[in-house]
Amino acid sequence: VVEHISAARGIINFKVNRNSPNIAKKFHAGHLRSTIIGNFIANLKQSLGNDVIRMNYLGDWGMQFGLLGAGFGQFGSPEKLKQNPLQHLFEVYVRVNKEAENNEDMKQAARDFFRQLEQHESHVVSLWQQFRDITVKEYQDIYERLGVHFDVYSGESFHQDQAQEVVQQLQSRGLLKTSEKGTGVVDLSPNRDMTNVCTVLRSDGTTLYITRDIAAAINRKEKYSFDEMIYVTDKSQENHFSQLFQILLAMGHSWADGCRHVSFGLVQGMKTRAGEVVFLEDVLDEARARMLNNMSQSNTTKELENPEDTAEKVGISALIIQDFKGPLQSDYKFNWDRMLQAQGDTGVFLQYTHARLCRSTGYLSFAFDPSLLSEQTCTAILQHLLRYDEVLYQSAQDLQPKHLVNFLLKLCHLIASAHRELPVKGSPEAVAQARLRLFSGACSVLANGMRILGITPVNKM
């Protein structure tokens, strides 16, 4: 890349070698971030040669199911459950939560239901299984729209029995203490003075979320023998995972040093025209509808075989890029108009650039003369493309998608300049072939980078 370096009068000069280029619940809207961030990390790790297991760990156990079970007994309707299953469960859950705020009998009914669930009473387990199946089915439909897949669907329920074994292990190691309230706790304070404790067992003997998380981590290590395990959840759970990793290490599991929590901030102001958005499906529908409307009003939109499918893919890419542009831990304000702009640093701009590159690559001959790529614009693109691997490795260090997003957006700006300054049509054949090869390389890198981010490139817009 660099042919010669010289220093004079306090200035260092680099001479670039231009002749050897190397072109190489219901699914709530809040769940969008964990899904697309996890998908990005899995894609990134896989692109760097890692064996990746994509696991969806469902919160399918715990007191919330006690509430839902007790609530369904009082407010549920088998007919409504058949008509619109997840919507009805959501309505029941909202109602029972409100009822339980000031109704001790309802709270006790929820505790009783969950205790029966942990004791595997058949009628309770049957109802729970029905709820779980309904939820997973709808989640899978949403994941398919997002282009996300999982190798394993797991959940807290898978580790309910192992959680009791964890309690016994903590007890045998002298780590389990009993608090004044009768709960089982692990003392995590540096001086072992109970100033920082983690509750792992309720006073009635039922387990908690963290107890099942400990069991799940141990089970995954035994089953998959992983080198690294990455959890993706919002930043409100940072303390939870800090305690989880501390307890695993205290239990003698040194591999817990290979566990990592990637946290993220909140999305503010996510609304549709109809008002507040509750479900992710509403957001995806709205993104598709708005994008379809924008495409129909654009003079540059090509005839498409399936405009709705294209609008869906472009709309989702716009959602992803708006989410990934900044640090993951930052909260950000959702903005429909800014997100769907064709100009500026948006997912629509990425898709438009890729579609235009697909149109401009044309026929490539086997051989081309790289010395004909002598313009400054060509050099800028080639130097930028050479940074692609570096950007992937940088992203792998802190698991932040912003590095790759910024790289791809800058590439798109460089390509926009190249389309203006490096015409193919009307140029000598050899020059045209060299420029086509440059555009082809840029198209390939752009498409690969988009796929790592979880975006499906469209070839026509």
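## A predicted chain, from its overall build to one helix

Of the 461 residues of the chain, 47% count as buried (under 20% relative accessible area with a 1.4 Å probe, protein chains only). This is a predicted model, in which local features need pLDDT of at least 70 and side-chain atom pairs count only at pLDDT 80 or more, while totals for chains, interfaces and linings use all residues. Residues are numbered from 1 along each chain as its sequence is written, and side-chain values use heavy atoms, leaving out hydrogens and water.

Here is the chain as a whole:

| Property | Value |
|---|---|
| Helices and strands | 17 helices, 13 strands |
| C-alpha box along the principal axes | roughly 85 × 55 × 40 Å |

Helices (H or I, at least four residues) and strands (E, at least two) are DSSP runs, numbered from the N terminus.

Now let us look at helix α5 (residues 104–118). Its buried residues are M106, A110, F113, F114, L117 and E118. Seen down the axis of α5, they fall within an arc of 140° (directions from the axis to the C-beta atoms), so they line one face of the helix. These buried residues pack against α2 (63–75), α4 (85–101), α6 (122–146), α7 (160–172) and α8 (209–224), with contact taken as heavy atoms within 4.5 Å.

Finally, E312 sits in helix α11 (residues 307–324). E312 counts as buried because its relative accessibility is 12%. Beyond its neighbours within four places in sequence, E312 is in contact with R145, L284 and R288.

Note on methods:
Buried < 20%, exposed > 50% of the residue type's maximum accessible area, 1.4 Å probe, protein only.
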